[in-house]
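Student: Could we go through this structure together? I would like to see how its parts pack.
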Amino acid sequence: MNYKLIADIAKSLLMARWRQSMVAAIGVTFSITMFIALLGFMNGLNDLLDGLVLNRTPHIRLFNEIKPNPNQPVNLSGDFKNSHNFIQSIKSSGGRMEIYNSAAIMRALEADPRVLGLAPKITAPVLYNAGAVDITGAISGIDVMAESELFFFKDYVPVGNPLDLKNVSNSIVLGIGVAEKLLAEIGDVVQVTTSKGDRLPLKVVGFFQSGIKDFDKIQSYASLSTAQKLLGESNTYITDIQIKLKYLNTAPTVAKEYAQRFQADAEDIQTANAQFETGSFVRTLISYAVGITLLVVAGFGIYNILNMMIYEKMDTIAILKATGFSGSDVRKIFLGIALTIGLLGGLLGLVFGFSLSLLIDQIPFNTAALPTVTTYPVNYNPKFYLIGIAFSLITTYLAGFFPARKASRIDPVIIIRGK
Amino acid sequence: MAQIVLQSKGISKYFKDPVTVKVLKDIDFSINQGEFVAVTGKSGCGKSTLLYILSTMDTDYEGELWIDGALMGGKSEGELARIRNEKIGFVFQFHYLLNEFTVLKNVMLPGLKLQKYPEAEVEHRAMERLKTLGMGDLALKKANQLSGGEKQRVAIARALINEPIIIMGDEPTGNLDKKNSDLVFDIFKQLSEEFKQTLLIVTHDQSFASNMNRIIEMEDGRIINA
């Protein structure tokens, strides 16, 4: 097949009506631009919102839940093995929140190849004392280094240095909502009362802002040792082990395994936050729907222009056929025209889409909820660009297919005699 | 005995819309290599219809058409296109050049399609033919910048590019003034005499036809005088 000749003829026909061709290409360019910008922006937002949850939620959390023991003594008795036992007034047992043998568990976890990292944590319910008023709250004792590395703790401390938690003894990073209520500044000392009635003065070294206001009104952070001191426990006392895995999707199965192995409760992220994936999915779906609609509209534009071109070029098609070009040659010429429009328009669209994404990335976006975000988030995943160019080619191919088929079926005799 | 280039055996053609009319009735004739044939007749006698069947563009007919010893019936559209490309040259009443291309490229296109020679060789041959027809200077002009007579000469050059075994013309001078008509006729005459080119020209111009060495006269879909 003589593709060079066909390409040459297609190019000449394209250039002969370059304004029309350009309008068609601009249609594709516009839709691909919007497609790229929209998907980039939407996914940027998705990542941001998912990050709100994912950054701070461990993939698996090991802890001891206060709950009724599922193995009641009557079930262990051989006499009642085959009967259905009804037991009334069961009370929760085991008031200890501590994870037993935590040091050994952490060593075992660190050796597990599926684990990316872990951060021990102590949760302690407290009262913040502001003069005569007590404000209920909670203090988390954390390993600042591990917490920063795995859960981006630093990003959520806009004021003060989180490392001071480790370096300054008896220090606290106050939730910004708590700080507002206590009128506390950096360097102030706040009084905290534990559930057991012990009172401890703590020095404020920073403010914590998560973006979830109710959370910031309650939550504060201290170092592990400060929390242990606060609760009057030994330095092996830990209530939670937060685990980050290498692969998020394995969390449910690994969680089940750990629950068995370490005789503790293990909660995975999918169970804890079932709703967040739904939101991302719907947003992505909407952006794809809009993008594809734009492309389909552009496709109709190309279809129209090619149809018009074929009516205009009836003579040309007839003469090509009379001088020995077959129907399939003619079809290839018009498909070539359509695909050229699609490819050029699509590539330009990618460039413009990328530029528009860069522009969106520069627009200031300040929100109290997200202290580290200063501009609109954009995702530059090359996947969108591949989908964009593939879709532009597919749509233009389909838009060109029927006009090209029509052109290939033109009977030259009718055209030539019709004059 | 001269070689038979084109043969029609009992070709009939019907127009079916709106009522069935038999426009060609059992056409039998053959054309030998080197003949300069005119098909004449009154308007509506079916001479153009016959030409389009002979040209392989119209495939809706009864009977047999042989070109260069091969039967055309039953061939695919692609095969017929190839035969038109290789063995038949066309000159139409309305020159039908492609306005998107230069004169030279118009002449080259069927040659490029055939791919018998490389592009440079096709270009050289096209240029030679244009020069023979006195059109060398206009080779790089766009087709739509030419006058009617010039266009028709370019169309003849295009018909010649693949050294066809027969050139067919449908009223090639019908749209030209006397001077250009004569010019085109002289070219045909020259092709016939100097190069022994076979030509089949449909015309209703009696003076034109009378100068040819064979006249096929048609009336009501029949050949009345071959």
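Student: At what angle do helix α3 and helix α4 of chain B pack?
Tutor: In this predicted model, helix α3 (residues 103–114) and helix α4 (residues 119–132) of chain B pack at an angle of about 130 degrees. Their axes are 9 Å apart.
Student: Why give both an angle and a distance?
Tutor: Two packed helices are described by the angle between their axes and the distance between those axes. The angle here makes α3(B) oblique to α4(B).
Student: Is the crossing of α3(B) and α4(B) left-handed or right-handed?
Tutor: The crossing of these two helices is right-handed.
Student: Which residues make the contact?
Tutor: From α3(B), they are B:L104, B:V107, B:M108, B:G111 and B:L112. From α4(B), they include B:V122, B:A126, B:M127 and B:L130, as well as B:E119 and B:R125. The residues of this contact divide into eight nonpolar, one polar and four charged.
Student: Changing topic, how many residues does each chain give to the contact between chains A and B?
Tutor: Chain A gives 21 residues and chain B gives 22 residues.
Student: Which helix of chain A supplies the largest share?
Tutor: That is α13(A), with five residues. At least two residues each come from α1 (3–16), α13 (314–322), α14 (327–362) and α16 (412–418) of chain A.
Student: What kinds of residues are on that side of chain A?
Tutor: There are nine nonpolar, eight polar and four charged residues on the side of chain A that touches chain B.
Student: And how is chain A divided into domains?
Tutor: Domain 1 covers 3–54 + 276–418, and domain 2 covers 60–73 + 94–271. The C-alpha centres of these domains of chain A lie 52 Å apart.

Notes
Residues numbered from 1 in each chain as written. Chains lettered and ligands numbered in written order. Predicted model: local features only at pLDDT ≥ 70, side-chain atom pairs only at ≥ 80, totals over all residues. Axes fitted to C-alpha atoms, helices over the stretch in contact; angles between N-to-C directions. Helix = DSSP H or I, 4+ residues; strand = E, 2+ residues; numbered from the N terminus. Parallel < 35°, antiparallel > 145°, perpendicular 65-115°, else oblique. Left-handed = near helix turned anticlockwise from the far one by under 90°. Contact = placed C-beta atoms within 7 Å. Nonpolar A, V, L, I, M, F, W, Y, C, P; charged D, E, K, R; others polar. Domains from an automatic or database assignment.
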